[in-house]
Amino acid sequence: MSIVKSKKISEIYTEKSGKYIKSQPIIGDSPFIIQSKELNLWYDETQALINVSLNIYKNKVTALIGPSGCGKSTLIRCFNRMNDVYDNVDITGEIFYSGLNILGKKIQVTKLRKKIGMIFQKPNPFPMTIYDNVAYGPRIQKINRKCNLDPIVEKSLKKAALWDEVKDRLDDSAISLSGGQQQRLCIARALAIEPDVLLMDEPTSSLDPIATAKIENLINELKKKYTVIIVTHNMQQATRISDYTGFMYLGELIEFDSTEQIFQKPKQDLTKRYIGGRFG
Amino acid sequence: MVKTMSATTVIKNKPSSILDLELKSEKSFTEKMVKPILFFSATFSIIIVFFQIFFFFQQASGAFAEVSLWDFITGTSWRPVEQQTYGAVPLIVGTFVTTLGAMIITVPIGILTAIYIAELAPRKLKKILKFIVELLSGIPSVVYGYFGLIVLTNWIRIIFDRPTGQSWLAGSIILSIMALPTVISVSVNALNAVPVEYKEAALGMGANRWEAISKVILPSAFSGITTAIILGTGRAIGETMAVLMVTGNTTIIPSPITNIFSPVRTITAALGIEIPETAIGGTHYTMLFALVIVLYVIIIVINSIAEFLSNKFNKKRDPKYLRKKKKKKPILSLQKSKIISRLNKKIFYSIFLHIFVFGLLLSWSNIWLALIGTIILFLIIKFYKRIPNKVQEKIAFGLIFSAVLMVFTTLIIVIGFVIIKGIPVISWKFLLSYPRDLGRDGGIFPAIVGSLYLVGGAVLFAVPLGIASGLYLAEYTKPNKFNRLIRMSIDNLNGTPSIVFGLFGFIVFCILTGWGKTLLAGQLTLALMILPTIIRTTEQSILSVPLDIREGSYALGANKWYTVKKIVIPSAIPGIITGTILGMGRAIGETAPIMFTAVVFNLRRLPNSPLSPVMALPYHLFLLSTTVPGGQENAYGTALVLFVLVLILYGMATLFQSKIEKHSEKHFILR
């Protein structure tokens, strides 16, 4: 994609959301929890994100859709600096979390990740007991006494709608759970450190429909207290659970709006064609 | 003034709860210290290699004051005691011919067995065969030597009607058994690395199994198999004790050169026999260290070739390399590359056949039989293409089965000998009493305890260091030049013959420190020897911990050290334990590293401090069988005890290994 075209797209976007934002309340009581500004990201020589500017609303579910390899996962991995794990990544631009640029050098990444939790594509429970999995996060923060941990574990598992299924076998290995249970365990694990934001990277892509439905119900519950950003391949899923939707294509954010707007009256032709199933 | 907002204006309010994100006190003291400590441990391998080279040159310095370098390299007489002649040629020839003979036997059998294990064997049999190969590699060299001395040389004496069976042939046969596991296991890895799609493609086009193997799989694994052969050669060249016990140790050049019944003395055997008999610092002593340098150079050259080949092999599989290669190559040169690959195949087959023919010549040494064999082979090559595919397959599979059978039989004969001869000797008295009458009578209690002390101590030193180095290599470093230097040093240490470790330990821990023969010196020497095994297995098991589990930990706000401590190391522990046990199995059977540094014969009490000498099983067996007439009975018992200890260790390692495999399989399926 040429540079000229990419500039054009981001201008259009800025104009539009600028209009939209004017009607919102101003400084001091911002509706946004995460904002990215002119974000560019390279893996070695390949540019994976091009001028992405995006606002994420507090306590809402935001879905990112788009074809494979469009940069959705890369984008949300920027929000908790998970891309730091790889050493071939270069980033320019800014990401603000509650007004603080988290790409700054002074940022303590570990503390940031406590505020912004993440759920991965494949359930990745640690090879230890269910209890220890949930207690992993609190233990990092030096909460070690059982009398303090027990209520956290119970509360988190309840929030993740897993408590009833595992309360009698907390000392079993997490590996013995089914795929859907494992994913809910991972959600419970993330909730145990009380984050503000939950990043979900295609959390249901490796699960069967029943487990998926459970996770989706859970997300609907979670948005009362948390901001959820979910990457999904599944457009029905985006319409079912999200309040806002962003459509990405080849590393650019093509369109961002309320989910209703995107799926019923998309402004960009590209979006229309993708939602219409004409490519993807 | 009211500010309006756009997506690019950013709200500058900071809730107090996130203010602490900016505090820069992230790394605790421990986390800061981890990397330097690991780094130091990793550099340890480089330091050892450096000191090895340094000390050998230092000890050999002055070697050529009395004897010229030219006389050393070209002299055909090595009689240091009688004539003060120091010509290295007989020793170099001795090393060369025994190794060559060994490889002639090992290569075909090893490769055929590897094909069977990798491609043909049913799953259960595969496991058994792998264990057999592992066990063959675990049997102590002194036990092989003992077997060679008692059984093999006797057979050779009777079958060929010679005055003595101690000969080049005996040395080659014993070495071929010892190099076999290396050749087999590295070849199996190379064959397994061939993508299964290649095989499927060949079979899908209607090739039978042998055609798929010979035309697709073997050529793809060519460089891997070559690496296996070279590593096996390195193993054979570096072996000391077994060769020393069966080759007769006369420093003559076989005449004619093909006389396989001539006794020979190898470089390693010369070191093993003569070092204890020389005055430190004398001409003989310095000349022996000049020999060490020769041996070291040979080994380094061999290791470098293996390294180079396996790098090439790995690169071939690297998609990045393939892409580059494609770009560089214009379509026109396709023709050329085809010719080259055809040439390669031809070279491969011809080497294979030449080795075979030569092997026949040697092993029969009967010109008529050899001639007939050669003619038959020639006919096979000539008419091979005309033989129907099915018959070809049958012939090939027949050869493969007979190779497997030979490996199996060898193991049974060696183990059977040890067990049948050893069992009558074993009793509580034998296990729990002290030796009497130079070990002819009484028991081996102090030798068992001494061996356990030696191995225990070696593990105590090597494991922390090995885990730290492995951890550094797997987690805390990126590929750069220094990292490569560390890896090269580790590979080098891994290929260094055990007698070289023994001499290094002797110089550093016995002479430089002034301790003399001590338990501690033996433990340290063995520790250096098993260090590379532990580093490698640690690195591999750490790398096999999946990335997504680490990411899960990072996403919860864990820092690197916390993740390593809580997730990575616990998952890697079974693998590390396996590596450690294998290292112990190797350490307990080694004689060469401890014979100069720690062990003495016929001790009446247990060591009471780390600075007192000990007895050890392999050395006890060595002396009973070579220098104590009438020590036969107790030697059988000692060999059995040593073998059982090794068997227990290897059995444990295999159990652990299969547990890990089961665990990871389960993990994999459920996720």
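This note goes through selected features of chains A and B, point by point.

1. **Basis.** This is a predicted model, in which local features need pLDDT of at least 70, side-chain atom pairs count only at pLDDT 80 or more, and totals for chains, interfaces and linings use all residues. Residues are numbered from 1 along each chain as its sequence is written, chains are lettered from A and ligands numbered from 1 in the order in which they are written, and side-chain values use heavy atoms, with hydrogens and water left out.

2. **Chain A overall.** Chain A has 11 helices and 10 strands. Both are DSSP runs numbered from the N terminus: helices are H or I with at least four residues, strands are E with at least two. Of its 280 residues, 56% count as buried. Buried means under 20% relative accessible area, exposed over 50%, and partly exposed in between (1.4 Å probe, protein chains only). Among contacts in chain A with a separation of 6 or more, 68% are between residues 24 or more positions apart. A contact means heavy atoms within 4.5 Å.

3. **The antiparallel sheet.** Four strands of chain A form an open sheet in the order β2-β1-β4-β5, with antiparallel pairing. β2 (46-57) and β5 (100-101) each have a single partner strand, so one side of each is left without a neighbour in the sheet. Two strands pair if DSSP finds at least two bridges between them. β1(A) and β2(A) are joined by eight bridges. One bridge sets L39(A) against V52(A) in β2(A).

4. **E38(A).** Check this backbone. E38(A) is not a glycine, yet its phi is positive, about 50°. Most residues other than glycine have a negative phi. E38(A) sits in strand β1 (residues 32-43) of chain A. Its relative accessibility is 36%, so E38(A) counts as partly exposed.

5. **Strand β7(A).** Five of the five residues of β7(A) are buried. V197(A), L199(A) and D201(A) point one way, L198(A) and M200(A) the other. In a regular strand the side chains alternate between the two faces of the sheet. β7(A) pairs in parallel with strand β6 (residues 116-119) of chain A over four bridges; I116(A) stands opposite V197(A). Five bridges link β7(A) to strand β8 (residues 227-231) of chain A, again parallel. There, V228(A) is the bridge partner of L198(A).

6. **The crossover.** β7(A), α8(A) and β8(A) make a right-handed β-α-β unit. Right-handed means that, with the strands pointing away from the viewer, the path from the first strand over the helix to the second runs clockwise. E202(A) lies in the loop between β7 (197-201) and α8 (209-222) of chain A. Its phi is positive, about 45°, although E202(A) is not a glycine. E202(A) is buried, at a relative accessible area of 8%.

7. **Helix α2(B).** Helix α2 (residues 29-60) of chain B has 32 residues. From first C-alpha to last it reaches 46 Å, close to the 46 Å expected. The expected span is 1.5 Å times one less than the number of residues. α2(B) bends by about 30° at F44(B). The bend is the angle between axes fitted to the seven residues ending there and the seven starting there. Just after α2(B), G62(B) takes a positive phi of about 90°.

8. **S262(B).** Which residues does S262(B) touch, leaving aside its neighbours within four places in sequence? S262(B) is in contact with S167(B), W168(B), I252(B) and P254(B). S262(B) is in the loop between α11 (241-246) and α12 (267-274) of chain B. At 4% relative accessibility, S262(B) counts as buried.
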